[in-house]
Structure formats: C-alpha cells, structure tokens
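Please read them alongside the sequence and the coordinates.

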Amino acid sequence: MQVIYNFGRDDASNRQALVRLAASVVKILEPAQLLDVAADGLEFVDSQPFGAVWVLDALWRQLELDGTFRGMRRDGALDPAAERVLFALVASRALAGSADPPAEVARWVNEDVFVDGLPATTEDACRKVTKWLCEVSGRLQEEVFHRVADRLDLKADLLFFESAHGGLQPGLGLDGDEDPQGEGSKDAQSLAPPWGCHEAHQTVIGLAVTRTGIPLRIWRWPGCTDDAAMIRQAKEDMKDWTLSRVIRTADRGRPIAADRHALRKDDDHPYIVGAKLRSGSAEADAALSRQGRYHRVAANLRVKEVHIAADERFVICRDTRTAQRDAEVRTRLVEELSALIDGTDRLSVAERTDLHMEISANPRMRRYLRLTPGGLLRIDVKAVKAEENLDGKYLVRTTDPELPAEEIALGYMRLLECERTWRDLLAGLRRLKSRGEPGDRGHLLLTWLSLLLVRIAESRTGLSWSGLRREFDRIKLGTFAARTGLLRQRTEITEEQYELLAALGLAPPPRIIQITPSDGGRRRAGPHAMSRPPARMAGGGS
C-alpha cells in the first residue's frame with residue numbers, strides 16, 4: 001500500500017478541512033469529470049414511494065406516539081423495535097389501500113416502502129405487536145388522548161359521538177375475543193335495535209371526535225345495542241378525561257324519526273341529527289321557508305339558525321364545496337337524460353312508455369324527467385331550478401340548548417369528514433374477513449390510529465388524504481449501490497410539496513436518507529436485497 005497523502009487525525013476540525021479541500025477540488029474539475037467520478041461504480045438499483053410514509057412517520061413522532069408506545073411496552077415481552085412494527089401496521093392502513101393481514105404488511109415493509117428504523121419485519125412480528133395492542137386497548141386510548149390533546153392543544157372538553165353499522169361479527173371485542181357485553185349479555189338481549197332487527201348480525205362502531213374532527217376513542221358493540229346504552233358506556237369510559245359533554249350525533253342518511261326516537265330515550269344525552277333538505281319532510285319544508293341571512297363560519301361553510309320547534313334547534317348549513325359537486329353531478333345527469341330523450345317525439349307511444357319506465361327506475365335521473373299531457377318526454381326545468389336552490393345545503397337539528405350554531409355546524413361537518421375517511425380506511429375489512437383471516441384482532445385499533453394521523457393531516461391542510469397521498473407519493477426514494485456501499489436519496493421537493501409540509505408543521509426530509517457501508521463485497525441478489533443491509537428481523541420476541 002502506498003500513502004498518497006496524509007489527511008491527519010479523524011476529528012471534527014480535520015473534517016472541516018476536508019470539506020474545504022473537497023470544495024477546492026470541485027472548482028478545478030470540469031462538470032464531465034465530476035460526473036465520471038460520482039458515477040464510477042454507482043448503480044441505480046431501486047425506487048420506492050417515500051413521501052407519504054415519511055409524512056405519517058413525522059406526524060407520529062411529532063405527537064410523540066413513538067415514545068408513548070415504547071413506554072407502554074412490557075419489559076421483555078416485545079422487541080425494542082416493536083414500536084416501528086406498530087407504526088408500519090398503522091401506516092399500511094393509510095397507504096396499502098386495504099386492511100392487510102400481517103403477512104401482507106410484512107411483505108409491504110420488506111419490498112414496497114422504506115420505513116425508517118425498520119429494515120425488515122415478519123408476519124409473526126406483526127401478529128405479536130397486534131395482539132399486544134389489544135391487551136392494552138383501554139390504557140392505550142387514554143394515553144393517546146392525553147398525548148394528542150396536549151400536543152395539539154385540542155379543545156377536548158366536548159366530543160361528538162357517532163356510530164356506524166358495519167359487517168363485523170357480533171359478540172367480539174376489539175381484540176376479536178368474546179365480548180362480555182356481546183349479543184348473549186342480558187343488556188344486549190333487552191335492547192331494541194335502533195335501525196331494524198336485520199342489523200342484529202352486524203356490529204356498531206362508535207367514534208368520539210373533537211369539534212375539529214380528530215378521533216380520540218373507538219368502541220364496538222353488537223348491532224342491536226341501544227343508543228342510550230352506547231352513550232352511557234362512552235361517558236363512563238371517558239369520565240376521567242376532563243370532558244364536560246359528549247353529544248350523540250347521527251348521519252343525515254338514516255331515518256330521522258327512528259334516530260330521534262332512540263336518542264330521546266334519555267333526556268340527559270343531547271343529540272345532533274342531520275337531515276336531508278331534499279327529504280320533503282315537514283321540518284325541511286318549514287326550515288327552507290324561514291327567512292334570514294347566512295353567516296360564514298369557515299371558508300366553505302355558511303350557516304343560518306331557524307326557529308321551528310320549542311324543544312329542538314334547527315341550523316341550515318351550506319357547504320360550497322358540496323354545492324359545486326352537486327351542481328356537477330346534476331349537470332352530468334341532465335346531459336345524459338337529454339341524450340336519452342332526444343328525438344323520442346318520433347317514437348311510438350308504446351316505445352316512449354317503455355323508455356319512460358326505464359328512466360323512472362333510475363331515482364337520480366327521474367327527478368329531472370317530465371311527461372307532458374301528450375305523453376312526450378321533456379326535461380323538468382322547474383325541478384332542475386329547485387335542485388339548484390338546494391345545492392350543498394343540509395339541515396342539522398339538536399336538543400343542546402347551549403352550543404352555538406357555528407359549533408353545531410362545524411362539529412357535524414368535521415364528523416362527516418371523519419366518517420368519510422374512516423370508511424375509506426376500513427374498505428378492506430370485508431375482504432380480510434372473507435379470506436378467512438383469524439378474526440380482526442386489533443384491526444379497528446390500528447385503523448383508528450391511522451385515522452388519527454390522516455385526520456390531523458387533512459385538518460391542517462384542508463385537503464383530502466387521497467389528494468395529499470397522491471402529492472406526497474411523488475417524492476420517491478432512489479437506492480444506489482457502489483463498491484463502497486449503498487446510498488438512499490430522495491427526489492427533489494416541489495414548491496407545492498414544500499407548502500404542504502409547512503402547513504403540516506413538518507420540515508422537509510433530508511436529501512440523503514441513508515448511507516450504508518458495504519460488508520466487503522458488492523451484492524447482486526436483486527434490488528430489494530441490495531437496498532436492505534443485513535439486520536435482525538425487528539419486532540419479534542426478545
């Protein structure tokens with residue numbers, strides 16, 4: 001070996017001198033020469049989506065959930081890297097597009113994405129972490145509540161409580177084991193189903209959501225559980241959470257009379273119920289007939305409180321974004337209807353009758369169809385105008401005498417946004433159950449944690465998670481192999497991505513994500529093998 005130049009000791013001062021020397025060398029070399037030096041022995045071996053999983057991980061750490069779970073880990077029960085496995089399970093709900101079983105999550109981590117601190121994992125590690133998660137469910141949710149409420153300075157004194165029916169097996173707890181309050185319990189047997197006995201085989205999923213739309217707790221009951229019983233348990237479970245009120249809410253897509261009947265059983269439980277103004281109910285017609293000015297309470301939301309009854313309050317809401325979607329849908333339907341009936345005056349009476357019956361079978365299209373006294377098919381212009389007046393509007397009714405109309409409207413709107421995102425994240429549950437996976441152990445808890453991160457991202461940016469994910473997935477992670485090791489570098493960040501990161505309160509990820517020295521030889525076992533240094537599988541037993 002021949003010493004060409006002695007750079008001195010390897011300390012901080014000499015490193016700075018080396019940086020200055022390298023800068024001087026760069027000034028001397030031509031760009032083509034620099035490229036030859038940089039590319040010498042360098043091979044591009046892999047590219048992975050990076051931005052979205054990095055954003056979720058950054059939010060996870062910003063909320064200090066990593067420290068929360070590491071602190072809850074029982075000594076010796078889980079590998080120290082189990083927190084990273086837990087994050088991967090949560091992130092997969094938001095990014096893998098379905099409720100993946102542990103084997104698919106492990107494959108997703110090992111082959112499809114880069115999870116910082118988790119070079120690889122196994123199906124067994126995922127199952128072990130999920131089982132542990134179920135064992136600490138109650139303590140977990142309380143720890144997360146206090147951590148998130150403190151870090152985000154949430155107004156968590158008031159929670160909106162919503163329940164939705166899903167096709168889960170009844171009689172099972174969140175961990176998939178027998179639920180002491182399941183269908184066979186005395187209380188469950190004595191409770192009438194709020195929306196019909198046909199839902200007795202289903203499960204009710206309850207969410208407690210802040211007025212800003214952040215989900216802080218989740219429950220699960222048999223499908224026939226009474227609403228008042230749900231509220232009582234929710235209040236009991238959160239009695240030490242410094243809450244002043246829990247308000248039951250119901251989706252505007254459900255039968256209002258049934259909801260009100262169930263919710264009125266206990267006068268101590270105020271409720272908020274949404275109603276469609278297109279329903280033609282007496283309350284809807286009365287609300288629309290009342291005069292008054294709308295008040296802006298958010299960039300896309302205006303509200304107007306109207307007085308109809310002494311025992312309930314009514315608030316008309318108009319969402320400008322929903323109004324735009326309503327107008328676009330109606331325009332498309334009217335265009336399709338016009339194409340169907342164009343030239344039908346030349347048809348026989350029998351042919352027009354058949355077409356009229358066919359169109360009438362479509363409830364979305366028939367509202368815009370008019371039949372003249374002579375049996376001709378026409379666009380109902382009056383119906384189109386009437387629908388335009390209802391674009392983006394819905395009615396919210398409540399028995400709470402104190403909550404301001406603005407908070408009633410905003411709380412209900414945020415709850416709808418939360419429920420929409422929840423349905424998207426939960427879309428893979430039936431697929432998982434139909435494939436015979438061993439129950440849905442921890443599935444709801446993992447999906448709730450995923451919903452928590454996603455809703456924080458949506459509330460800070462004002463954009464849907466699908467749009468955020470699409471934008472952040474444009475940030476890729478390239479893996480390069482050289483004789484001396486492996487290098488992972490992200491792609492350039494656009495101005496729009498910088499703005500979204502700023503809205504999320506996150507600094508951009510570093511350009512160089514990872515540098516791994518080689519183990520003595522250049523590996524050529526494939527891109528994923530090259531991109532992952534040898535490491536013990538994380539998250540398993542001690």
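1. The protein has 22 helices and 15 strands, where helices (H or I, at least four residues) and strands (E, at least two) are DSSP runs numbered from the N terminus. This is a predicted model, in which local features need pLDDT of at least 70 and side-chain atom pairs count only at pLDDT 80 or more, while totals for chains, interfaces and linings use all residues. Residues are numbered from 1 along each chain as its sequence is written, and side-chain values use heavy atoms, with hydrogens and water left out.

2. Of the 542 residues in the protein, 48% are buried, a term that stands for under 20% relative accessible area with a 1.4 Å probe and protein chains only. Among contacts (heavy atoms within 4.5 Å) with a separation of 6 or more, 70% join residues 24 or more positions apart.

3. Once neighbours within four places in sequence are set aside, F69 is in contact with W60, E83, L86, W132, L140, V144 and L449.

4. Helix α5 (residues 82-95) and helix α6 (residues 102-112) have axes that come within 10 Å and cross at roughly 90 degrees, the axes being lines fitted to C-alpha atoms over the stretch in contact, with angles that run from 0 to 180 degrees between N-to-C directions. That makes α5 roughly perpendicular to α6, the term covering 65 to 115 degrees. On the α5 side A88, L89, A91, S92, R93 and L95 meet V105, W108 and V109 of α6. By class, this contact of α5 with α6 has seven nonpolar, one polar and one charged residues.

5. Four strands form an open sheet in the order β1-β13-β14-β15, with antiparallel pairing, where two strands pair if DSSP finds at least two bridges between them. β1 (43-49) and β15 (512-517) stand at the edges with a single partner strand each, so one side of each is left without a neighbour in the sheet. Direction ignored, neighbouring strands of this sheet are turned by 15 degrees against each other on average.

6. Strand β14 (residues 485-490) pairs with β15 in the antiparallel sense over five bridges, and the bridge partner of L487 in β15 is I515.

Methods
Angles under 35 degrees count as roughly parallel, over 145 as roughly antiparallel, 65 to 115 as roughly perpendicular and the rest as oblique. Ala, Val, Leu, Ile, Met, Phe, Trp, Tyr, Cys and Pro count as nonpolar, Asp, Glu, Lys and Arg as charged, and the others, Gly among them, as polar. Buried means under 20% relative accessible area, exposed over 50%, partly exposed in between (1.4 Å probe, protein chains only).
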